[in-house]
Amino acid sequence: MKNYIKHHEWQIIEEGFDPHLNRISESLFSLGNGRMGQRANFEEEYTGDTHQGSYVAGVYYPDKTRVGWWKNGYPEYFAKVLNAPAWIGIHIKIGRVSLDLAKCKVTDFRRVLDMKQGLLHRSFTASLPGGKKLKIDAKRFCSMADGEVGAIRYSVTPVNFSSAATITLSIDADVVNKDSNYDEKFWTEISKESSAGLSLVTAETKKTFFHVATGMTYSITSDGKAVKGKVKASRREQYADNEVTIRLKIGVETVIYKYGVVLSSENHPKPKLAQLAKKKLKDIRTKGYDKLFATHADVWANTWQKCDITIEGDAAAQQGIRFNIFQLMQTYTGADERLNIGPKGFTGEKYGGSTYWDTEAYCLPFYLGTSDPKVARNLLVYRHKHLQKAIENGAKLGFTDGAALYPMVTMNGEECHNEWEITFEEIHRNGAIAYAIFDYIRYTGDEEYLFEFGLEVLIGISRFWAQRVNWSADKQKYVMLGVTGPNEYENNSSNNWYTNMFAVWTLNYTLKAVEQVRKRNTARYDKILAKAKFNEKTELAKWKDIADKMYFPEDKQRGVFLQQDGFLDKELLTVKDLRPQDRPLNQKWSWDRILRSCFIKQADVLQGFYFFEEQFSKDQLKRNFDFYEPMTVHESSLSPCVHVILASKLGYKEKAYEMYLRTSRLDLDDYNNDTEDGCHITSMAGTWMSVVKGFGGMRVNDGKIHLTPYIPDQWKS
Ligand code: BGC
């Protein structure tokens, strides 16, 4: 755990430059606007340790799968969110010496992410080798008003010298992914141009053939007056720049305004991309930095009005929740139903930037509670569009007749995850996707969604559950074998209670949904029947039979449900029994040791108590919480928030608060020692749920909002 971010209600603040923390800060101070985003890399040259990252929503590369031993059913590729051409570069050279924080003495370094306005602000004084001192003040944003636009205000003031300086303003498409499986480069150049005042590179992704045009223009002022300088526009492979030579005067501020555009063929015809990018560059330069910033900040003001949470008396908690909301809102705006939310958003490459069950189980409630219903609806439509692919995915594994298994990880509906115990066995994701339909309709009352899209998805998923279970003659019950539940520290188990619960819940909900659509929209119902080749009589009867006769492992004596068959054969230890040097288990223990242990990566049975709380008494919750929570190591970021919600319900205030800090400051304090890879964007929605569903006790049921609020003792309000 680190503790270098200053507590502040609206700002993320880093004071002093510590190169060892740079990758973490690059993640934390990331910017985005739903269409593009970037890590908080420096504009100027930096030869120290850094993870350069710019990303464009929806633009990915199918990197050929790499596994030790191929298994039938494995996907051909893992979809990677691509490190995309960067538009932020502003390199400063005085004589032969570059401004490079790895080679300067840096004082008064301050980096601030102003979450109220979506602005990254960095200031410092650099003493260059040779003794020349410069004051830098750099501001940058990715416009929330126009997702294809970003701007930088970069101010340079010489402290103790006057001299000529060259300022290189670049577009760099020569970028790589650190997680590339075969050390390949993923982009090829289509065209580039560079003339005084403009540089533009259009690049194409290999295999997927997305085109992205990235361009820049700029203006420079000295002491408030425009300066042109001597301009040399140059190009080389996948790169274009303007090198501007101007004179810097001691004590006089020179400001470089750099405007960037990023246009993708997902939104424009390929042949027009470069031309449209140039037009946009001209328009935004005419508007100027201040106006662009004002419209961007207005969007943030409106957003905050709808979704802010204010906590009084606890700056760390306040900063935590706002940071989480800020990151979510700049990752996904809901404007485009083709997009989704990668676990790292625009803050890093890990997890490929693809869609996981995190979206339905965690992010959906956040957007339902904070945004226009269209936003959540788009997340659901995304899965509806992938239904055919989910059916094909099921077919690859041997399922038939329209049984849909949604992928564990996907970019375009195809499975791209390749660890057999997860790809084939972590099937609970299908449950969360079905539940999201129910949750959306219960929040919004948008029954039409069920008619138009929802029922088809539910039928596909129910067919999958019906084929995935088998009748146990021994138990005289339906069972489900070879499953991995949410707790990934347990693989290939039988009768994971949570997954069995979800199978039954989905079947029952689909039975009701079928009835509802049949009664309320017969015409549509008939169409769905025909399209899905739905055999009403036999399929419904089978589903009901499974729902009525499913097996659930349970220990009646302890009054707890068992995570899976045989759980009680384990040596039942608690996390307190672990030595600090053994944590985190996933970095310190062999996989075999983890699998045999009782330790739980993330809520599993308790995740079921979260989803299906109305089926259980408080006493049942207490017994299960008291049994499982002490064994839980929370090594998935998705875990603590669920515990806040349940602990709040039980009145375990201290536990709830401890878990809240852990979820809300997970990245700010780098709890899991992995923030340098990027922020845990999807679990940030869990932080919101901790406050709203945990401390606020909010539920939406029977068309009403129910609240059972309390606040942690550490808060004033
Ligand atoms: C968790 C999964 C989650 C994934 C992406 C894993 O560590 O165990 O539940 O979907 O991360 O966030």
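**A helix and what surrounds it**

Modeller: Let's start with what is tucked away in helix α19: Ala656, Tyr657, Met659, Tyr660, Arg662, Thr663 and Ser664 are buried. Buried means under 20% relative accessible area, exposed means over 50%, and partly exposed is in between (1.4 Å probe, protein chains only). The helix runs over residues 653-664, has 12 residues and spans 16 Å from its first C-alpha to its last, close to the 16 Å expected at 1.5 Å a residue. That expected span is 1.5 Å times one less than the number of residues. Handy background: an α-helix has 3.6 residues a turn, so residues three or four places apart point the same way. As for neighbours, the buried residues of α19 pack against α4 (315-331), α18 (639-650) and α20 (681-695). Helices (H or I, at least four residues) and strands (E, at least two) are DSSP runs, numbered from the N terminus.

Before we go further, a word on what you're looking at. This is a predicted model, where local features need pLDDT of at least 70, side-chain atom pairs count only at pLDDT 80 or more, and totals for chains, interfaces and linings use all residues. Residues are numbered from 1 along each chain as its sequence is written, and side-chain values use heavy atoms, with hydrogens and water left out. pLDDT is the predictor's confidence in each residue, from 0 to 100. The chain averages 97, and 100% of its residues score at least 70. Among the elements, strand β6 (residues 77-81) has the lowest mean, 90, while strand β22 (residues 477-479) has the highest, 99.

Now follow α20, one of the packing partners of α19, to the largest pocket: α20, β6, α8 (420-423) and α14 (585-588) each supply at least two residues of its lining. Rolling a probe the size of a water molecule over the atoms shows where empty space is left. On a 1 Å grid over the protein atoms alone, a pocket is an open set of points where a 1.4 Å probe fits, with protein on both sides within 12 Å along at least five of seven lines, and lining residues have an atom within 4 Å of a point. The largest pocket holds about 1,100 Å³ of space; grid points are joined across faces, edges and corners, and the volume is the space filled by probe spheres set on the points. It is lined by 42 residues, and Lys350, Tyr351, Glu488, Asn586 and Lys601 lie nearest its centre.

Two of those names turn up again as a pair. The side chains of Lys601 and Glu488 meet in a salt bridge, 2.8 Å from N to O. This pair links distant parts of the chain, 113 residues apart: Lys601 is in the loop between α15 (591-596) and α16 (605-611), and Glu488 in the loop between β22 and α11 (497-520). Both Lys601 and Glu488 are buried. To count, a salt bridge needs a side-chain nitrogen of Lys or Arg within 4 Å of a carboxyl oxygen of Asp or Glu. The whole structure has 50 of them.

Asp446 and Arg377 form one as well, at 3.0 Å, N to O. They sit 69 residues apart, with Asp446 in the loop between α9 (429-444) and α10 (447-468) and Arg377 in helix α6 (residues 373-385). Asp446 and Arg377 are both buried. Glu189 pairs with Lys192, with the closest N and O atoms 2.9 Å apart, and Glu189 counts as partly exposed because its relative accessibility is 23%.

Glu189 and Lys192 are also among the residues that Gln238 contacts, leaving aside neighbours within four places in sequence. Contact means heavy atoms within 4.5 Å. Gln238 sits in the loop between β18 (230-236) and β19 (239-248), and it is buried because its relative accessible area is 7%.

Last stop, the backbone. The peptide bond from Arg583 to Pro584 is cis, with omega near -15°, and Pro584 is in the loop between β24 (560-561) and α14. Asp108 has a positive phi of about 55° although it is not a glycine; look for it in strand β9 (residues 105-114).
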